[in-house]
Amino acid sequence: MALHYIRRGTGPALLLVHGIGGSWRSWNTIFDTLAAEHDVIAVDLPGHGASPQLPGKHTIGTLADALTAFLTEHDLLGIDAVGSSMGARLVLELARRGGVLGAVVSLDPGGFWEGWEVPFFYHSVAVSQKLVGALQPVMPALMHSAVGRTALLPQFSARPWAVDGDQAQDEMYSFAHTPVFGELLDALAHGEVQQAAPAGSITAPLIIGWGRHDRVCLPGQARRALAKFPDARLYWFDHCGHFPQWDQPAEAVRLILATLRRQPFRDQDIARKPAPQPRQAVPKAAVAAALVLGIVGGWALMKRGK
């Protein structure tokens, strides 16, 4: 599969797999730090970024097949991997299949929702994507404003005002311009259920990291992920939303590197919690901005639908 990718760094090879509506740029916050110790390969999944769409359907299964073909073509089978969101589910699926990946870090994987969580995920993300698309003309200004980020990104970040503006702009552009977004969103919510990996079937290190304040893949879903992947170890990111590489980049890097070194580590050494600090309040202007943007966004969506 002719996937577009960026490769830099030296050392053991490491694959990075982004989520729905993302691209290789989704890893910009930690790419260079990882590349200091690894030969990092960040792909654009089919229909994302600069990669072409698949000739057939886009599902977790077909994306996993495409990634396997890519790794086979580049003689990278057995590579260690990190995935985020949909990409986190993809690396779990490839680990389950066996013979494709080595050590795996899965950050806030999708696909473990049940009952009311299914429509919650589907409709909340669908509305967000439409709103982001409607606001594209003013998105650069919004994402380079702490108030704009606070108003638009709380679904994805526990501290949206602190997210890097360029990173947020890249993600929101890709989010709005991914032609297979709707197809994949439906497949994630209503398509094939993630199959389990029996205990003892995955022998390489497998870590599932989860943000305690994830509003896309709710924290309660972590126990279901562990039930299907009993060989995995769960790591909790405090003060973190759906993207640890946004909210806790240094901690995410420590977790990834510790896993890839295949040496025992303690969670407290990864977290390195600082001394308690006064709680940072959400910028007051963001409250008003969120209301205004909600009204403007709703108006824009209604105009678009006419």
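**Entry 1: the whole chain.** I began with the secondary structure and noted 13 helices and seven strands in the chain. I kept in mind that this is a predicted model. Next I looked up burial: of the 306 residues, 54% count as buried. I then turned to the contacts between residues with a separation of 6 or more, and found that 73% of them join residues 24 or more positions apart.

**Entry 2: α2 with α3.** Packed helix pairs came next. Two packed helices are described by the angle between their axes and the distance between the axes. For helix α2 (residues 60-73) and helix α3 (residues 86-97), I read a crossing at roughly 70°, with the axes coming within 10 Å. An angle from 65 to 115 degrees counts as roughly perpendicular, and that makes α2 roughly perpendicular to α3. The crossing of α2 and α3 is right-handed.

I also wrote down who makes the contact. On the α2 side I have I60, G61, L63, A64, D65, L67 and T68. On the α3 side I have M86, R89, L90, E93, L94 and R97. By class, the contact of α2 with α3 holds seven nonpolar, two polar and four charged residues.

**Entry 3: α4 with α7.** How far apart are the axes of α4 and α7, and at what angle do the helices pack? I noted 8 Å between the axes and an angle of about 105°. α4 and α7 are therefore roughly perpendicular to each other. From α4, the contact takes V125, S128, Q129, V132 and G133, and from α7 it takes M172, F175 and A176. Sorting the residues of the contact of α4 with α7 gave me five nonpolar, three polar and no charged.

**Entry 4: α8.** Which residues of helix α8 (residues 181-190) are buried? My list reads F181, L184, L185, A187, L188 and A189. I then checked what the buried residues of α8 pack against, and got α2, α3, α4 (117-134) and α7 (165-176).

**Entry 5: T59.** I moved to the loop between β3 (39-43) and α2, where T59 lies. T59 counts as buried because its relative accessibility is 17%, and the cut-off is under 20%. A polar atom of the T59 side chain lies 3.3 Å from the backbone nitrogen of G61. Leaving aside neighbours within four places in sequence, T59 is in contact with L184, A187 and E192. Of these, I had already listed L184 and A187 among the buried residues of α8.

**Entry 6: H48.** H48 lies in the loop between β3 and α2. Is H48 buried or exposed? H48 is buried, with a relative accessible area of 0%. I found its side chain reaching the backbone nitrogen of G21 at 3.1 Å. A polar atom of the H48 side chain also lies 3.0 Å from the backbone oxygen of P46. Not counting residues up to four places away in sequence, H48 touches H18, G19, I20, G21, G22, M86, T178, V180 and L184.

Entry 7: A258 sits in helix α11 (residues 249-260) and is buried, with a relative accessible area of 11%. A258 and D269 are eleven residues apart in sequence, and I read 9.9 Å between their C-alpha atoms. Beyond four places in sequence, A258 touches Q263, F265 and I270.

P198 is found in the loop between α8 and β6 (206-211) and is exposed, with a relative accessible area of 56%. P198 and K228 are 30 residues apart in sequence and 7.4 Å apart in space, C-alpha to C-alpha. With neighbours within four places left aside, P198 is in contact with P230 and D231.

**Entry 8: positive phi.** Last, I looked up backbone angles. Phi of D108 is near 55°, a positive value in a residue other than glycine. D108 is in the loop between β5 (101-107) and α4, and is buried at a relative accessible area of 0%. Phi of H239 is near 50°, again a positive value in a residue other than glycine. H239 is in the loop between β7 (233-237) and α10 (244-247), and counts as exposed at 55% relative accessibility.

Key:
Residues numbered from 1 in each chain as written. Predicted model: local features only at pLDDT ≥ 70, side-chain atom pairs only at ≥ 80, totals over all residues. Heavy atoms only, no water. Axes fitted to C-alpha atoms, helices over the stretch in contact; angles between N-to-C directions. Helix = DSSP H or I, 4+ residues; strand = E, 2+ residues; numbered from the N terminus. Parallel < 35°, antiparallel > 145°, perpendicular 65-115°, else oblique. Left-handed = near helix turned anticlockwise from the far one by under 90°. Contact = heavy atoms within 4.5 Å. Nonpolar A, V, L, I, M, F, W, Y, C, P; charged D, E, K, R; others polar. Buried < 20%, exposed > 50% of the residue type's maximum accessible area, 1.4 Å probe, protein only. Polar contact = N/O pair within 3.5 Å; in protein donor to acceptor, adjacent residues only side chain to side chain.
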